[in-house]
Amino acid sequence: NQCYAMEMSPEITLSLWVFISYIALYTAYDKKSKSLKPSLLVTILLLRGDGGLSHSLKELNKAISLAGFTVMLLSFANMEGYDHSELLQISLITLTVHSFYSFYEFYGFSVDAVLKDKLLKPTSIVLAILCQSLLYFAYFSEAVPYSVLALEASILGLLHFWTYEVDYKYVLQIRPYAFLPFLIGGYVLLLHISNFVPVLEFDDDH
């Protein structure tokens, strides 16, 4: 009998590597010492921290959200050899898991609790709902042009991220590796905005 190794698609492989990178470079980053601490990662993965399972799940949820958001942005980056539709599907699944867990963990599935939170948090959640609703609509209907979807989803996603993570002075309170989505997002915006900028053509005689 021949054994055939199961091969993962390039899209799944990329998504896994994105998630692993966040685990290694985001989750393992210690804010106090401002350095990577492998021991911190071990503590979280083995549920040895003061918060136990709850703390570990919260940290993993952050990595999942960042990975899902990054994969969404990469689905709009026109990368050769990757199916943007499959990347979008993976990001949708990931972001949906993150959203349901966060709604349960931080708000107990209570809309009233969301509305009573600080002003920017409800705004951020509305932006996230709009972003994911747009992604689901576009994925299942295929009615939204690719570049339009890329611009709208990227802007909504980046605004959600920013409004959820800024402090009262409007300064982002995130670990260094979490700036990656802003870099990729900037590239995606420039890439697709260019599709709407008219190309100037000059007559050879002038």
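Biologist: What is the volume of the largest pocket?
Modeller: Local features in this predicted model need pLDDT of at least 70, side-chain atom pairs count only at pLDDT 80 or more, and totals for linings use all residues. Residues are numbered from 1 along each chain as its sequence is written, and side-chain values use heavy atoms, without hydrogens and water. A pocket is an open set of points on a 1 Å grid where a 1.4 Å probe fits, with protein on both sides within 12 Å along at least five of seven lines. Taken as the space filled by probe spheres set on the points, the volume of the largest pocket is about 1,400 Å³.

Biologist: Which element gives the most to the lining of the largest pocket?
Modeller: Lining residues have an atom within 4 Å of a point, and helices are DSSP runs (H or I, at least four residues). Those that give two or more residues here are H3 (52-74), H4 (84-107), H5 (111-115), H6 (120-141) and H7 (146-165). With 11 residues, the most comes from H6.

Biologist: Which residues lie nearest the centre of the largest pocket?
Modeller: The lining has 47 residues. Nearest the centre are His98, Ser102, Ile125, His160 and Tyr164.

Biologist: How many charged residues are in the lining of the second largest pocket?
Modeller: This pocket has a volume of about 200 Å³, and its lining includes Asp30, Lys31, Lys32 and Arg175. Asp, Glu, Lys and Arg count as charged. Beside three nonpolar and two polar residues, the number of charged ones is six.
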